[in-house]
Amino acid sequence: MPGKSVPSAQPIQADLTRKVAALARLELSDAEVSSFTKQLAQVLEYVGQLQQADVSGVEPLGSPVELQEGGVMRDDEARPSPTSADGKPKVLSSAPEVMLDGFKVPPIL
Amino acid sequence: MARFGSIRELHDAYDAKKASPVEVTRDYLAAIRGSGINAFLTVTEQRALVQAKAAEEILSREGKVPRQKFPLLGVPMGIKDALTIDGVRTTAGSRMLENYLPPYTATCVQRLEAAGMIMLGKLNMDEFAMGGSNENSAFGPVLHPTHPDRVPGGSSGGSAAAVGADLCLASLGSDTGGSIRLPASYCGISGMKPTYGRVSRSGLVAFASSLDQVGPMARTIEDCAIVLDAMSGHDPLDGTSAQRGPMRAREAVAEGLELRGLRIGIPEEFFAAGMQPEVESAAREALRWYESQGAKLVPIRLPNSGYAVSVYYVVAVSEASSNLARYDGVRYGFRASGVEGDLTEFYKKARAAFGPEVKRRIILGTFALSAGYAEAYYLRACQVRRLIRRDFDEAFKSVDLIAGPVAPTTAFRLGEKVQDPLQMYLNDLYTIPANLAGLPALSVPCGMDSAGLPIGLQLLAPAFADEKLLAAAHRFERREVR
């Protein structure tokens, strides 16, 4: 399926900003939608220059780590989880709401 | 006049019993209390004094500072608030982590503490390291150390200003697109971003994982070298950590670098139109000094570097959108009270704690990775990233180092650029390429403009030539010493 064309000719609409914000679980006020849409359009117009680069046959470079020797993998080894002075797992200590040894959240539906 | 000009000076004073770690620590802590520049977000007074006492015990036992074993003994430092400290508030400059107490200490900080460092506190920064002026902090801007109407640069603004204002002898910053080098340049101190993978990122609050690096900021290049030696080297907790031992930069600096015949590449693209004339002339004067010592200045081209800002503002924001997905209010961080509704509502209300620049970048990154746009934006940006790295590989076939300015101007005024995100982004055009390519780069002071604002010279080296880079910068820094 062909990708959508770079919308350099069409300005970014508020609709798209709202959709993307929803994907990122961000709540934006109407004022924010308006100002972000304008700013996003400016940035996207600028980065549209990347379309001019000749990238035929060029492998994407995701990270300089790909250029390092040795791999990034090591064996998984289970280690004891750090605990607080009271013996509880430290990982729970910053949780706003804890139940037994889990993080408490509202229902999904 | 700074209390101490360098770690060496401090250690000489300890050896001569002219100063003691506890005294020195109290002195810096008092300076921090009296300072109005908002560099420190958290002051770890008790911890610092405990560390100072421990340093004194070692000193009295050994007679002199054991500089090999404890290269940072009794050295008061500040740590950018993007680095976790077990049980010490770590905010990353954000309301999202306003009261966050990490369950572990960043590897690089652990290593510095093991080397004898005294931690004075956590330093202010742009929120989640997103910014170039420290105006994006949820806890107020940092003021420039000598010109309080100006920004110190960012995102490691607190780290730079604290050293510049003599509130600590050295600091740690982090650099994703220039966030060590830019504030170092604006504040008139030295700062270095090492080769990607040379310093562990374990404990660094992630912004863009393929770009972030921790680095030193200090009054001298030798001090940067000392800090790097102490904290660099492979860390199994960081999957991107290079399979190498610690640097031997102090040794390289002391050995000296032969400048005769050293080939320094001057990219045409690093002297673009629109630079502040005094910045350009200071940089060129610095390069003429190298030439006077026998170095060869070689004009080079980095033809794809004009795309660097675009690549960065696709790649970095994409990675950020992914890295910041963890801030959902469930396990740590801001959680809104009394939320009605389901988990999605819960997430949205928690994530309201992000500031506008962070939201902007998350939206940009989410867009660039979304179905139908990812090829045109993220993938293409990664392809151009490889072109940028190839330009450097090609250039380094005929030169040993690359030089240019750090930024197009000196420190600008508070509020001057906040209205225009794109303007702010363009400020990073000279620093971003080194992050994209994973190469080591530093800023060393090379003058001031007519308003007395500092100017930094940027030097870059091939991957893993960090020691040589520092040695070259050290020669320049010490140029007036006979």
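So, the buried residues of helix H12 in chain B: they are Glu357(B), Val358(B), Lys359(B), Arg360(B), Arg361(B), Ile362(B), Ile363(B), Leu364(B), Gly365(B), Thr366(B), Phe367(B) and Ala368(B). Buried here means under 20% relative accessible area, with exposed over 50% and partly exposed in between, using a 1.4 Å probe and protein chains only. That makes twelve of the 14 residues, and H12(B) is mostly covered.

Before I go on, this is a predicted model, where local features need pLDDT of at least 70, side-chain atom pairs count only at pLDDT 80 or more, and totals for chains, interfaces and linings use all residues. Residues are numbered from 1 along each chain as its sequence is written, chains are lettered from A and ligands numbered from 1 in the order written, and side-chain values use heavy atoms, leaving out hydrogens and water.

Which elements cover H12(B)? From chain A, the cover includes helix H1 (14-23) and helix H2 (30-47). From chain B it includes helix H10 (308-323), H13 and helix H14 (421-426). Contact, by the way, means heavy atoms within 4.5 Å, and helices (H or I, at least four residues) and strands (E, at least two) are DSSP runs, numbered from the N terminus.

How about length? The expected span of a helix is 1.5 Å times one less than its number of residues. H12(B), residues 356-369, should span 20 Å, and its end C-alpha atoms are 20 Å apart, so that agrees. H13(B), residues 375-395, should span 30 Å and has its end C-alpha atoms 29 Å apart, which agrees too. H13(B) is also mostly covered, with 16 of its 21 residues buried.

Is Ala283(B) buried or exposed? Its relative accessibility is 0%, so Ala283(B) counts as buried. Leaving aside residues up to four places away in sequence, Ala283(B) touches Phe271(B), Cys446(B) and Leu457(B). Then there's Gly404(B): 121 residues away along the chain, yet the two C-alpha atoms are separated by 6.5 Å.

Zooming out, chain B has 16 helices and eleven strands. Its radius of gyration is 21 Å, close to the 23 Å from the globule rule for 482 residues, so chain B is as compact as a globular protein of that length. That radius is taken over C-alpha atoms, and the rule is 2.2 Å times the number of residues to the power 0.38. Buried residues make up 67% of chain B. And among contacts between residues at least 6 apart in sequence, 75% join residues at least 24 apart.
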